[in-house]
Amino acid sequence: MLRISGAEAFVKALKREEVDTVFGLPGGAILPICDALYDSDIRFILARHEQGAAHMADGYARASGRVGVCLATSGPGATNLVTGIATANIDSSPVVAFTGQVPIPMIGTDAFQEVDIIGVSASVTKYNIQVRRAADIPWAVKAAFYLASTGRKGAVLVDIPKDVQVSVEDMEFPEKVSFRGYRVQEEPDPRELDWASVLLSRAKRPMILAGGGVISSNASRELVALAEALMAPVATTLMGKGAVPKDHPLYVGGCGMHGTGEANTLLAEADVLLVVGARLSDRTTGLVKDFSPNAKVIHVDIDRSEIDKNVETVTRVVGDARLALVGILDRLRRIRLESSGDSEWVRRINELRELYVMPEAKGNPHMRAPEVIKALRRSLPRDAIVTTEVGQCQMWASLYFDSYAPRTFLTSGGLGTMGWGFPAAIGAKAARRDVPVVDIAGDGSFAMTENNLATSVEEELPVIVVILNNRMLGMVAQWQRLFYGRRYFGVELGKAPDFVKLAEAYGAVGARPESLEELEREVRRAIEVDQTTVIDVPIDPEENVFPMVPPGKGLKEFIMGA
Amino acid sequence: MHRSLSIVSFLVENKPGVLFNVTNLFRRRGFNIESISVGPLDDPELARMTITVRADSRVLNQIVEQLDKMVDVIKVKRLDPIRTVAREMILVKLQTSDPMAREEALKNINSYHGLILDIDAESIIAEVTGETEMIDEFLKKVSPIGILEFSRTGVTALEKGRLRL
Ligand SMILES: Cc1ncc(C[n+]2csc(CCOP(=O)(O)OP(=O)(O)O)c2C)c(N)n1
């Protein structure tokens, strides 16, 4: 037993969770904890806005698979975290947020910088805890990491009143915590695996849809093995990108609103669809009744509430994605499956892939976004990490940036949070100093969190930002062009700022390449000099992202052009 | 799609914020609560909640799954309507200064096996327990007498025989 302050216990508890980095921004109500951190070797990365700190923790978590930690003061500090917490939580990214709070006797009095962050964050966290006694801090920290990183991962917030941080008490550090109402079913039920295997073995046109759960449970290898055993094409959701290497012959790309023609078409033709670790959101399914209408759907998920939520399934497997895939593979081997996907089905995959090769630009004076992204790909090593902002830039990245490994394509899928990509890239860099990290950005999104250039430069976490600069809130403009008769409203960003000068103002490198070759040179140079670099690439303000499934339509109704 | 009234009963951690989280879940996901009742168990760290909802079977499944997913919810069950007894209690204050009205009130309270909890020159407070429909019916019967105010507890329920939550 140790007699120490709540703040000291807090730092000790973080160390026990092997935390090496905390992202945050201090303030009055978290000062005792900051003072205790002063004496520790935990690296503190100072963000310039708490939203950035939360996104950094999220990027750190997604790149490394470890829990990301952020910290803020009470009131506005805590509310500034909310977008970041919500973004992490909906994408099942393990993030723990710590907030200071006014002293317990003042709670409920509308004291200075008091916000009921427990109430505010309730809907956007997996769980939250307000610590009421210093002696509970070790438990609360342990509980937060346990909940964030097990089962369906997510965001947990721990609110610590200032007096609790100061109070000195006898501390006990639990090895384990448990909640009576929290059970994680990792090991799937053998009967569910039997059913799934039988269905798959009888399929003529099997297909696999892989979501973020495959990445989260490190199941890529097993997924590929199963696809090969079945000769089943694999599509990914936006969150699943990277689960299968782009150059695998059975990979058909992303599906959904901006999925590839082949993925969306094959989904409509499959007779058995194995969904692994995906929650089948509207952006993935399109009109639900036309989502894989001919398939018997098997859904594997660690979160049973996702099964049958949006798409009706024939059978389910509740459990960890990797264990489920191993179980199915074992069974298929036992029944000596001779790859159920027949040769006609395999032919069909290739036929569609050729059919939907994207048309090349014709006589466009601007650099086209897809070409920019392909050039970027050429200038990066295979294992480089890419984060994205949100909008057209994100969909172009999803369509044209080839990813080869899990945890190398990071994007805000569920929330589509503009401004996520840049701080997330900084967080990813903090976790992975060994690889280049690039944010594929839109000018609108980057403007939302560009102040983190200061963090990237000052903390020596060099990342590359490639701005597809259309001087538009491009995706919104695309919708206004396609569905609102070109009546542009609130989408024209004008010329400001000059991103090259902006980068320079922060002590970063700024560049504005005029050709794809120059772009590639800039990227290579940025990697070599290892400095934060903003590459501003002017593109056509009115370029559309295709393919696109119009909202409310089935996946097969994608359009390839306007 | 059949949207009948269903009863979901569940065990929760008996601590601050849990009721908020449960109702917040219903609000957020657009599930409509018809009634809710809560009380502690013999283990003071636990409470049992009973919620009645009007939903089709798909939504009902989601309600059960989403509740089950909550860290502070320990066990959830949709009670089988045929094998469940469900009761609700009402306290009702009737305007009874008129002797005829008083007569009528007493008659009705009696025929619904109610209890009289308070009585003065102007009013009577009665307690009636029964199934929701019966309480509705009782209210309709006494409304011509003059209802000053009433308060209902919401449904509480147990499954019969060997069935347990
Ligand atoms: C925080 C936030 N606000 C608003 C939106 C709605 N929105 C979606 S895409 C988009 C435009 C993004 O513009 P930009 O970052 O320039 O990328 P582009 O689409 O031009 O590539 C907007 C405003 C959003 N996703 N996130």
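In this predicted model, helix α1(B) gives the most to the lining of the second largest pocket, with five residues. The pocket holds about 1,100 Å³ of space. Its lining counts 39 residues. Nearest the centre lie A:Lys126, A:Asp303, B:Gln66, B:Lys69 and B:Met70. Four elements each supply at least two lining residues: α4 (76-90) and β6 (127-130) of chain A, with α1 (18-29) and α2 (57-69) of chain B. By class, the lining has 15 charged, 13 nonpolar and 11 polar residues.

**The cavity**

The structure also holds one cavity of 30 Å³ or more. About 40 Å³ of space lies in this largest cavity. A:Ala13, A:Arg16, A:Glu17, A:Pro138, A:Lys142, A:Phe173 and A:Pro174 form its lining. Helices α1 and α6 (137-149) of chain A each provide at least two of the lining residues. Four lining residues are nonpolar and three are charged; none is polar.

**Aromatic pairs**

Over all chains there are 11 aromatic pairs. One of them joins A:Phe10 and A:Phe98. The ring centres are 4.7 Å apart and the planes stand at 90°, so this pair is edge-to-face; the cut-off for that class is over 60 degrees. Which parts of chain A does the pair tie together? A:Phe10 belongs to helix α1 (residues 6-16) and A:Phe98 to strand β5 (residues 95-101), so the link spans parts 88 residues apart in sequence. A:Phe10 is buried, with a relative accessible area of 0%. A:Phe98 is buried too, with a relative accessible area of 0%.

Chain B has an edge-to-face pair in B:Phe26 and B:Phe31. Both of these residues are buried. The table sets out the two pairs.

| Pair | Centre to centre | Angle between planes | Class |
|---|---|---|---|
| A:Phe10 and A:Phe98 | 4.7 Å | 90° | edge-to-face |
| B:Phe26 and B:Phe31 | 5.7 Å | 80° | edge-to-face |

A:Tyr127, A:Trp139 and A:Phe179 form one aromatic cluster.

**Charges over rings**

A:Arg382 places its charged end over the ring of A:Tyr404, 3.8 Å from the ring centre. A:Lys241 lies over the face of A:Phe409, at 5.0 Å from the ring centre.

Both A:Lys241 and A:Phe409 are also in contact with A:Ser403. Where is A:Ser403 found? It sits in the loop between α16 and β16 (409-410) of chain A. Is A:Ser403 buried or exposed? A:Ser403 has a relative accessible area of 3%, under the 20% limit, so it counts as buried. Leaving aside neighbours within four places in sequence, its contacts are A:Lys241, A:Gly242, A:Val244, A:Pro245, A:Lys246, A:Arg377, A:Thr408 and A:Phe409.

**A covered helix**

A:Arg377, one of the contacts of A:Ser403, is among the buried residues of α15(A). This helix (residues 369-379) is mostly covered, with nine of its 11 residues buried. Besides A:Arg377, the buried residues are A:Ala369, A:Pro370, A:Glu371, A:Val372, A:Ile373, A:Ala375, A:Leu376 and A:Ser379. What covers them? The cover includes helices α16 (392-400) and α22 (516-529) of chain A, along with strands β17 (437-442), β18 (464-469) and β20 (533-538) of chain A.

Definitions and conventions: Residues numbered from 1 in each chain as written. Chains lettered and ligands numbered in written order. Predicted model: local features only at pLDDT ≥ 70, side-chain atom pairs only at ≥ 80, totals over all residues. Heavy atoms only, no water. Phe/Tyr/Trp six-rings, centres within 6.5 Å; stacked < 30°, edge-to-face > 60°. Buried < 20%, exposed > 50% of the residue type's maximum accessible area, 1.4 Å probe, protein only. Lys NZ or Arg CZ within 6 Å of the ring centre and 35° of its normal. Contact = heavy atoms within 4.5 Å. 1 Å grid on protein atoms, 1.4 Å probe; cavity = no way out; pocket = protein on both sides within 12 Å on 5 of 7 lines; lining within 4 Å. Points joined across faces, edges and corners; volume = space filled by probe spheres on them. Nonpolar A, V, L, I, M, F, W, Y, C, P; charged D, E, K, R; others polar.
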